Amino acid sequence: MGRLEGKTAFITGAASGIGRATALLFAREGARVVAADISGAGAEQTADRIGPNALAVTLDVAGEPQWEQAMRRAVDRFGRLDILCNIAGIGRGGSIEDVTLEDWNAMLAVNLTGTMLGCKHGVRTIKSTGGSGAIVNVSSVGGLVGIADIAGYCASKGGVTILTKSVALHCAQRGYPIRCVSVHPTYVDTEMLDPVAAAMGSRSELLARMARQVPMGRVATADDIARTILFAASDDAIMIDGSSLIVDGAQLAGPPSAHFE
């Protein structure tokens, strides 16, 4: 306990799923938390669960004026910023033949442009307020390998992977006390799966199918990923910078053995 004592953390996507789990975990570890989400009501619910050490802000991550306003509110309330977690994201299906331009643009706007703006304003705010810590960007296993039926999602998350390395180098070469790390989950059982489960007609069958693709035999939980984000943001990871932390249950380790019985 207390790994983030005295730190202020700004977390996007905090109304649900990985973002909410991360906000709650950071608060238990001593951080003051800015819970940001496009759903203002959802952000308020997360902040209410934390208590007086939390601030809820409504934020469309693809809009730069909203980032500027959110940063001002965070500093006005807590005086500094140390950690920024870019967790907000969306997923839309479609192969390269099937993906619509609307879905492609939406994923790039939220997943990649939103993360870029978070890095831009996170670095500026941490630096200007005398903070020190990390920017943690949630990518995906789909940001490291291609997946045929989610081409746009993979492209957006692949961009996050390389953006993270560029931000890490920028901060390191200028002597800023800011690391930048990407986290790459496998399938995660969150609200993001709801539309797919509804289309399939059975959430349990969807999770079973996904679990069969993970050698450890299950999909991840939001708390599984939140604990990795906590590690990346804390001083426990003080020399981890520009790296990809893979949380995939051995999914990317290699193909299943042809000799396994």
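1. Basis of the note. The structure is a predicted model, in which local features need pLDDT of at least 70 and side-chain atom pairs count only at pLDDT 80 or more, whereas totals for chains, interfaces and linings use all residues. Residues are numbered from 1 along each chain as its sequence is written, and side-chain values use heavy atoms, with hydrogens and water left out.

2. The annotated span. UniProt, in an unreviewed entry, lists residues 7–187 as "domain: Ketoreductase"; UniProt positions are given here in the numbering of this note, feature names are shortened, and annotations may be inferred rather than shown by experiment. In the model, the end C-alpha atoms of residues 7–187 lie 30 Å apart, and the span is 49% helix and 19% strand. Helices (H or I, at least four residues) and strands (E, at least two) are DSSP runs, numbered from the N terminus.

3. The pairing of α3 and α4. Helix α3 (residues 64–78) and helix α4 (residues 101–128) have axes that come within 10 Å and cross at roughly 35°, where axes are lines fitted to C-alpha atoms, for helices over the stretch in contact, and angles run from 0 to 180 degrees between N-to-C directions. The crossing of α3 past α4 is right-handed, a term that applies if the near helix is turned clockwise from the far one by less than a right angle, and left-handed if anticlockwise. From α3, the contact (heavy atoms within 4.5 Å) is made by E64, W67, E68, M71 and V75, and from α4 by G114, L117, G118, K120, H121 and T125. These contact residues divide into four nonpolar, four polar and three charged, with Ala, Val, Leu, Ile, Met, Phe, Trp, Tyr, Cys and Pro counted as nonpolar, Asp, Glu, Lys and Arg as charged, and the others, Gly among them, as polar.

4. A70 in α3. Helix α3 also holds A70, which is buried at a relative accessible area of 2%; buried means under 20% relative accessible area, exposed over 50%, and partly exposed in between (1.4 Å probe, protein chains only). Residues up to four places away in sequence aside, A70 touches F10, V57 and L59. The C-alpha atoms of A70 and L144, which are 74 residues apart along the chain, are separated by 31 Å.

5. G42 in α2. Helix α2 (residues 40–50) contains G42, a buried residue with a relative accessible area of 8%. Between the C-alpha atoms of G42 and V57, which are 15 residues apart along the chain, the separation is 9.8 Å.

6. N137 in β5. Strand β5 (residues 133–138) includes N137, which is buried, with a relative accessible area of 0%. The side chain of N137 is joined to that of T164 by a polar contact of 2.9 Å, that is, a pair of N or O atoms within 3.5 Å, of which, within protein, one must be able to donate a hydrogen and the other to accept it, residues adjacent in sequence counting only if both atoms are side-chain atoms. Not counting residues up to four places away in sequence, the residues that N137 touches include N86, T115, C119, V160 and C180.

7. V141 and T186. V141 is in the loop between β5 and α5 (151–173), and T186 is in the loop between β6 (178–185) and α6 (194–200). V141 is buried at a relative accessible area of 8%, and T186 is buried at 9%. Neighbours within four places in sequence aside, V141 is in contact with H184, P185, T186, D248, Q251 and L252, while T186 touches V141, V214, A220, V247, D248 and Q251. The side chains of T186 and Q251 also make a polar contact of 2.5 Å.

8. D224 in α8. Helix α8 (residues 222–233) is the place of D224, which counts as buried at 17% relative accessibility. A polar contact of 2.8 Å joins the side chains of D224 and R218.

9. The backbone at A250. A250 lies in the segment after β7 (244–247) and is partly exposed, with a relative accessible area of 34%. Phi of A250 is near 75°, a positive value in a residue other than glycine. Most residues other than glycine have a negative phi.
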